[in-house]
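Please examine the sequence and the model shown here.

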Amino acid sequence: MNRRNFIKITGLPIGVMALSSHRRGCSNPTEDYGWNGPSLEQDDIRLSVLAYAMLCPNPHNKQPWVIELTGPSSFDLYVDANRLLPETDPYYRQIHIGQGTFLETLVIAASGLGYDAQIHYYPKGMYSNSELLDKPVASVSLLKNENIETDPLFAQLLKRQSNKREYDGVGMTNLQIDLLKKTHSQDSKSELIITDEKEHRKSLVSYLTQAMQIEVGNIDRDRETIRMFRFNDDEVAKYRDGFGVAQSGVSGIKKIMIENIFLSREGTEADPRYFGEQAVDMTKKAAESSGTFGWLKSEGNTRLDQVLVGREYCRINLQITAIGLVMHPMSQILQEYEDMLPLQTQFKGTFDVKDSETVQMLFRLGHAKPTTHSPRRLVSQLIRL
Ligand SMILES: Cc1cc2nc3c(=O)[nH]c(=O)nc-3n(C[C@H](O)[C@H](O)[C@H](O)COP(=O)(O)O)c2cc1C
């Protein structure tokens with residue numbers, strides 16, 4: 001059962017509602033984690049749109065958002081400074097992309113619920129890439145609008161995912177590529193590049209595999225990833241964030257065997273070499289199985305640019321879902337820690353990316369069966385009291 005289709009609301013003593021969920025008729029209690037969908041039963045529009053917004057793509061499923069409720073139909077969004085990835089995302093660029101994906105999902109959800117979501121970016125001023133200040137990324141006001149047209153991507157919010165399986169090798173058709181390019185509107189902050197050329201794919205397989213090799217060659221980076229890896233269903237249920245083998249499409253007996261025989265938190269933390277080797281091997285196979293790759297690059301790279309590109313990436317992910325395809329970001333080569341920079345420079349040279357430009361997201365696209373949705377915490381856990 002992979003549709004997120006039922007949600008129950010429970011009250012919190014402090015007056016803020018907590019959203020929790022279960023899957024109706026779902027017999028496997030270990031699947032009963034995370035957040036599965038919006039409530040049709042509750043009447044606080046802020047909580048409804050936030051519950052949708054949390055389903056957005058975000059780095060390592062860290063869920064790096066804090067919400068301050070500012071009025072009956074308004075709130076501010078902040079980066080959660082306790083949910084960063086300093087080793088692999090030292091300037092928090094990806095964390096800010098994950099603010100944009102949140103806002104885009106929120107705006108689409110609001111349209112489906114009959115509201116305009118008005119967004120005022122950095123209302124107390126923007127901060128630079130070398131700092132993270134406790135200032136809102138955005139103020140959001142929700143205005144009832146009987147005439148609002150539901151964004152067609154609303155129908156994809158509960159289905160969208162980052163699909164980390166091996167794909168079937170078949171690339172996108174020209175028609176699908178054209179459609180995706182249309183989704184990426186002309187006034188976008190970023191440029192969308194899509195390629196299925198054989199030479200490009202070959203070179204990307206090599207770059208992405210080398211990048212993963214570099215990434216896992218450092219114990220602090222390994223530890224950061226291992227901290228977000230969920231080794232079994234108990235960890236998923238406990239933390240409701242991160243990702244595990246289920247998101248790579250491994251299920252059933254194979255999943256049980258991997259989790260019980262090959263992978264354990266204690267063993268992996270003590271010696272992450274096997275984990276690292278697996279990551280490199282899986283990256284190579286995943287890239288080799290993909291018929292199409294794409295990336296978003298931008299001229300600017302301010303905090304606002306990062307947020308806006310996040311919004312654009314989110315729409316692409318949703319549009320891909322709408323046409324029955326899947327996609328998967330592969331970010332290692334884009335990361336800004338020192339040991340990645342020489343390879344990143346080579347990659348930019350190969351693909352005519354100017355020094356001044358930033359590749360914000362890189363992903364593979366194609367065909368594969370859906371995977372288990374990644375978990376989510378409760379909306380109440382985002383709210384700063
Ligand atoms: C900025 C950004 C970078 C990401 N980089 C990677 C990546 O390098 N590898 C990967 O497997 N997934 C990557 N993802 C996907 C996240 O892991 C995924 O969105 C998250 O686990 C939630 O899962 P979902 O998208 O299926 O809901 C990235 C997502 C974002 C927004």
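**From the overall fold to the ligand shell**

Of the contacts in the chain with a separation of 6 or more, 76% are made by residues 24 or more positions apart. The model is a predicted one, and its chain contains eleven helices and ten strands. Of the 385 residues in the chain, 57% are buried. The chain exposes about 17,100 Å², of which carbon and sulfur atoms supply 50%.

The ligand is surrounded by 19 residues, and the closest are Arg-160, Ser-162, His-328, Ser-331 and Arg-376. Two domains contribute to the shell: domain 1 (42-159 + 376-382) and domain 2 (174-366) each provide at least three residues.

In the side chain of Arg-160, an N or O atom is 2.7 Å from a ligand oxygen. For Ser-162, the corresponding distance between a side-chain N or O atom and an oxygen atom of the ligand is 2.6 Å. Ser-374 also places a polar side-chain atom 2.9 Å from an oxygen atom of the ligand. On its own, the ligand has 620 Å² of accessible area, and the protein covers 94% of that area.

Thr-209 belongs to helix H4, which spans residues 198-215. Thr-209 counts as buried because its relative accessibility is 10%, and the cut-off for a buried residue is under 20%. Once its neighbours within four places in sequence are set aside, Thr-209 is in contact with Val-280, Thr-283 and Lys-284.

The second residue, Lys-348, lies in helix H11, which comprises residues 341-350. Is Lys-348 buried or exposed? With a relative accessibility of 12%, Lys-348 counts as buried, since the cut-off is under 20%. Not counting residues up to four places away in sequence, Lys-348 touches Val-353, Lys-354, Asp-355 and Glu-357. Lys-348 can also be located relative to Ile-333: the two residues are 15 positions apart in sequence, and their C-alpha atoms are separated by 9.8 Å in space.

Key: Residues are numbered from 1 along each chain as its sequence is written. This is a predicted model: local features need pLDDT of at least 70, side-chain atom pairs count only at pLDDT 80 or more; totals for chains, interfaces and linings use all residues. Side-chain values use heavy atoms; hydrogens and water are left out. Helices (H or I, at least four residues) and strands (E, at least two) are DSSP runs, numbered from the N terminus. Buried means under 20% relative accessible area, exposed over 50%, partly exposed in between (1.4 Å probe, protein chains only). Contact means heavy atoms within 4.5 Å. A residue is near a molecule or strand if one of its heavy atoms lies within 4 Å of it. A polar contact is a pair of N or O atoms within 3.5 Å; within protein, one must be able to donate a hydrogen and the other to accept it, and residues adjacent in sequence count only if both atoms are side-chain atoms. Accessible areas come from the Shrake-Rupley method with a 1.4 Å probe; for residues, only the protein chains shown count as cover. Domain bounds come from an automatic or database domain assignment.
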